[in-house]
Amino acid sequence: MRENRVKIVLAALIASTLAGGLLTGCGGQKAGSGTGNITPVTMLLLGNKPTNGRADAAIAEINKIVGPRIGVELRTEYVEWADWQNQYQLRLASGDSGLDLVVTATDWLYAWEIARKGGFYPLTPELIRENATQTWAEIPQTHWDLCTENGAIWFIPEDQYSQYTNHGMFWRKDWAAEAGIREVATFEGLEQYWDAVKKNHPEAYPWDISGAEYMDMGLVSGYIQGKRPIQIIIGTAAGNYNIFHYENSNPFTVVSYYMDGDDLVEAAKTFDRFAQKGFWREDVLNYRGETRNLLLAGLSGSDEHHTQTFIGLREQMDKEQPGSDLQMYWWGMENNNVNKDLLTHGAMAVNAASKNVEKALQLYDLLRNDKQIYLLYNYGIEGKDYVVLPDGKFSRPEGFNSSTDNLDTNFWAGRMDKFEPEWDTWWSGRTAFIERLNSFAMEYPLGKFSFDNTNVAAEMAAVGDVCATYIPSIHFGKTGNPEKAVADFRAALKAAGYDKVKAEIQAQLTAYKNSL
């Protein structure tokens, strides 16, 4: 069924492309052929749209280069963080032909699901080789294979950028030291730290989190991941919630602590206690604040996100809160339960309705592989957004404020280690931090597995609705009766079709295993 649907989409899109002459560029000419025609190419990004003018200025400089060179004008659109999961998918289902390049990912941006629904343009090796020549040459075939299904390449992997996006909680070592706490390396240690913040820093919440917009529900993952050797099965999220897992010793069997065992009950009791202690705001489920900015201002004792964020934030905190010595308690620290990133954690796709497929690929090739354009897009204008020191390191101009002056161009789909600058503000411990993770982090064992929810789409939607109803209140200790809340949650999951969904995931996982 999936193969037939993809073939239909592929045939229809190729037919429409040939009919419209898109494969020959604007006006039947190759881009950059000197006709003077400029084609707008719009790239869809994740994040809040920058309003300080710096991104606009950098893109204007890029357009001075790419206009004459390939006949293109780069434009950007943003899916902002408020309800981003739903808005991103709706944006790509709209059929808007004014959208061309799309930042995507297989683990958090629904890349396979969108491709199978016809949201991405089916690329061919010939099309990429002709229009993104350097990208095609530098990506090995095994990496292209990760992006290929039923004869089409659906996206281009960000495979030459080193990163960890395992999540955890950031904490201030100076505030911990005031209470005689040397390390936060367990969930129990996190509670002790938050107790100390609550007692010694009444001006701050231990974790001033925006519950109205926080979709990670990270405390649940943090609590369980350090106690049980399990990881999520990527691509099986019900709505915004990853409730299906595998045990590290048996990645081909579906399990779920959300449904089975006592772990979720104990976690819910813990979160209820946290809420009663006032670790976050009483109105947390309705509160909309910027936790990271509050941390930088000394008004939150913690922030939760992944390793890449931590490394950059550590450098900001050293400047904004000198002596804070920001640390990270990553989920799974207790038992080294951390996975390495997928090569498709970041990827670039072309919108299925794009009228500028060739030009979009040509622009992407330059954004990814031309150092001048790469630095302009990601770091801005030299002398205004950064300066280069005599030793070659990058620095910020005098008066630069990282909270208000960043570009926020969010090119999470083609970053390259070879072009990444070394900054004078780099945290001296970053290399050791990454090397520590490298020493034990595991490869994700299901890298090419991609779940097709066609047979259980209605049940998955219903399960997702149940999760959205129950999980936030459990996560933030707002149930009033944790044990009853978990029992009610599990009963609602059953009624929504949880067993059917789990069985379908298991059937496909078994088929995947047998195909290896």
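At what angle do helix 17 and helix 18 pack, and how far apart are their axes? The angle between helix 17 (residues 457–475) and helix 18 (residues 482–496) is about 170°, and their axes are 9 Å apart. The structure is a predicted model.

**Helices 17 and 18**

- Angles over 145 degrees count as roughly antiparallel, and helix 17 and helix 18 are therefore roughly antiparallel to each other.
- Helix 17 contributes Glu 459, Ala 462, Val 463, Val 466, Cys 467, Tyr 470, Ile 471 and Ile 474 to the contact.
- From helix 18, the contact takes in Ala 485, Val 486, Asp 488, Phe 489, Ala 492, Leu 493 and Ala 496.
- By class, the residues of this contact between helix 17 and helix 18 are 13 nonpolar, no polar and 2 charged.

**Glu 504 in helix 19**

- Glu 504 is part of helix 19, which spans residues 498–515.
- The relative accessible area of Glu 504 is 17%; buried means under 20%, so Glu 504 counts as buried.
- Leaving aside residues up to four places away in sequence, Glu 504 touches Phe 451, Asp 452, Asn 455 and Val 456.

**Nonpolar cores**

- The largest nonpolar core has 88 residues, and Tyr 193, Trp 194 and Trp 280 touch the most other members.
- Helix 11 (residues 263–277) supplies the largest share of this core, with 7 residues.
- Another core, of 60 residues, lies apart from the largest one; among its residues are Ile 65, Ile 70, Trp 112 and Leu 361.
- Tyr 193 touches Trp 171, Arg 172, Trp 175, Ala 176, Ile 181, Val 184, Gly 301 and Ser 302, when residues up to four places away in sequence are not counted.

- Strand 7 (residues 167–172) and strand 11 run antiparallel and are joined by 5 bridges.
- Opposite Phe 170 stands Asp 303 in strand 11.

- Which strand runs parallel to strand 1 and is joined to it by 8 bridges? The partner is strand 2 (residues 72–79), where Arg 75 stands opposite Thr 42.
- Leu 101 in strand 3 is the bridge partner of Met 43.
- Strand 3 is joined to strand 13 (residues 347–350) by 4 bridges, and the two run antiparallel.
- Leu 101 has Val 350 of strand 13 opposite.
- In a regular strand, side chains alternate between the two faces of the sheet.
- In strand 3 (residues 101–104), Leu 101 and Val 103 point one way, while Val 102 and Thr 104 point the other way.

Methods:
Residues are numbered from 1 along each chain as its sequence is written. This is a predicted model: local features need pLDDT of at least 70, side-chain atom pairs count only at pLDDT 80 or more; totals for chains, interfaces and linings use all residues. Side-chain values use heavy atoms; hydrogens and water are left out. Axes are lines fitted to C-alpha atoms, for helices over the stretch in contact, and angles run from 0 to 180 degrees between N-to-C directions. Angles under 35 degrees count as roughly parallel, over 145 as roughly antiparallel, 65 to 115 as roughly perpendicular and the rest as oblique. Contact means heavy atoms within 4.5 Å. Ala, Val, Leu, Ile, Met, Phe, Trp, Tyr, Cys and Pro count as nonpolar, Asp, Glu, Lys and Arg as charged, and the others, Gly among them, as polar. A nonpolar core is a set of buried Ala, Val, Leu, Ile, Met, Phe, Trp, Tyr and Cys residues joined through side-chain atoms within 4.5 Å. Buried means under 20% relative accessible area, exposed over 50%, partly exposed in between (1.4 Å probe, protein chains only). Two strands pair if DSSP finds at least two bridges between them.
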